[in-house]
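Dear colleague,

I am passing the structure on to you with this message, and below it you will find what came out of going through it. Please keep it open beside the text as you read.

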Amino acid sequence: MKAMDVDAIRAFLLTADLQSFTRAADALGTTQSAVSLKLQRLEGQLGRRLLERTPRHVRLSVEGLAFLGVARELVSSHDRAAGVFETEQRRLAIGINQQLVGSELPSLLRQMRDQDPNLLIEMRIGGTKELMHGQERGELDAVLVLRSEERGKRGKVVFAETFSWFAAAGWEPRAGHPLPLATQGESCSVRTEAVRALDRAGIEWREVFVGKGAAILGAAAVAGLAVGVLARRAAPPGTVDVSGPLSLPPIRSQDVMLYSNLSDRRTRDALRVLTLAFQ
């Protein structure tokens with residue numbers, strides 16, 4: 001067998017992680033057709049089908065799942081060898097809104113590591129205003145936050161985040177009592193949208209738990225304390241969307257904005273992979 005193309009294996013890893021040829025191409029700075037051709041050649045060389053392709057989804061085949069771990073090791077070893085004489089370490093300090101980060105954070109960090117193993121990553125999780133002030137003070141290179149009321153700052157809409165109502169599996173509200181809610185408090189724009197939707201629907205509610213961050217609200221939901229208002233991506237294992245069973249109204253989605261002052265190619269590439277992984 002001829003030596004395998006490391007770039008093709010890197011394209012395979014990104015496509016598998018991002019579950020999209022289009023997003024993998026964006027991360028690599030190339031075209032979807034170029035990524036597809038690389039993967040076809042790799043599959044032909046291995047004599048195995050690594051990815052199952054449908055019009056809407058891309059997922060690993062059984063052979064692709066078996067190849068995934070050694071593919072990561074190969075690319076990681078290659079990148080360490082290529083960078084062994086590189087002395088200048090790049091730093092990326094990024095802030096991410098606490099509503100957006102859930103149990104998928106390890107996967108996001110792995111994708112950034114795979115993109116650039118020699119990159120020093122500093123990550124801060126917090127509220128939109130806190131993170132934007134951190135960027136203004138020069139503490140953060142980029143922030144990924146819910147749209148702020150500060151219209152003067154130039155940012156890029158990267159995707160629209162969807163929110164819903166989550167509770168522990170099997171949880172049921174007490175008859176005749178207001179719906180117990182877990183939110184991030186009155187300053188939270190998501191909480192504002194959620195309670196407005198309840199009021200419009202004529203559903204009584206009562207705030208019984210206030211916490212900062214999706215992980216804390218998810219814990220309250222898992223514990224059966226309340227219904228958590230959470231981004232769908234951030235809902236933890238052990239919770240289910242109860243909007244249908246409880247006839248709860250939809251919550252309006254919110255734009256997620258990227259504010260960045262990065263000019264270095266390496267850090268911009270890593271940031272691009274991170275933002276694509278969220279989409």
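**What was found**

Ser-247 has a relative accessible area of 59%, which means that Ser-247 counts as exposed, since the cut-off for that word is over 50%. Please bear in mind throughout that this is a predicted model. Ser-247 sits in the loop between strand E10 (239–241) and strand E11 (251–260), and although Ser-247 is not a glycine, its phi is positive, at about 55°.

A positive phi turns up at Gln-19 as well, where the value is near 55° and the residue is again something other than glycine.

H1 is mostly covered, with twelve of its 13 residues buried; among them are Arg-10, Phe-12, Leu-13 and Asp-17.

The count of aromatic pairs comes to one. The partners are Phe-12 and Phe-67, whose rings are tilted, with 5.5 Å from centre to centre and 45° between the planes. This pair links distant parts of the chain, as Phe-12 belongs to helix H1 and Phe-67 to helix H4 (residues 62–82), 55 residues apart. Both Phe-12 and Phe-67 are buried.

Helix H4 also holds Arg-72, and this arginine is buried because its relative accessible area is 12%, where the cut-off is under 20%. If neighbours within four places in sequence are left aside, the residues in contact with Arg-72 are Leu-13, Asp-17, Arg-110, Arg-113 and Asp-114.

Lastly, there is the packing of two further helices. The axes of helix H2 (residues 21–28) and helix H3 (residues 32–46) come within 8 Å and cross at roughly 100°, so the two helices are roughly perpendicular to each other. On the H2 side the contact is made by Phe-21, Thr-22, Ala-25 and Leu-28, and on the H3 side by Gln-32, Val-35, Ser-36 and Leu-39.

With best wishes

Definitions and conventions: Residues are numbered from 1 along each chain as its sequence is written. This is a predicted model: local features need pLDDT of at least 70, side-chain atom pairs count only at pLDDT 80 or more; totals for chains, interfaces and linings use all residues. Side-chain values use heavy atoms; hydrogens and water are left out. Buried means under 20% relative accessible area, exposed over 50%, partly exposed in between (1.4 Å probe, protein chains only). Helices (H or I, at least four residues) and strands (E, at least two) are DSSP runs, numbered from the N terminus. Rings of Phe, Tyr and Trp (its six-membered ring) pair if their centres lie within 6.5 Å; planes under 30 degrees apart count as stacked, over 60 as edge-to-face and the rest as tilted. Axes are lines fitted to C-alpha atoms, for helices over the stretch in contact, and angles run from 0 to 180 degrees between N-to-C directions. Angles under 35 degrees count as roughly parallel, over 145 as roughly antiparallel, 65 to 115 as roughly perpendicular and the rest as oblique. Contact means heavy atoms within 4.5 Å.
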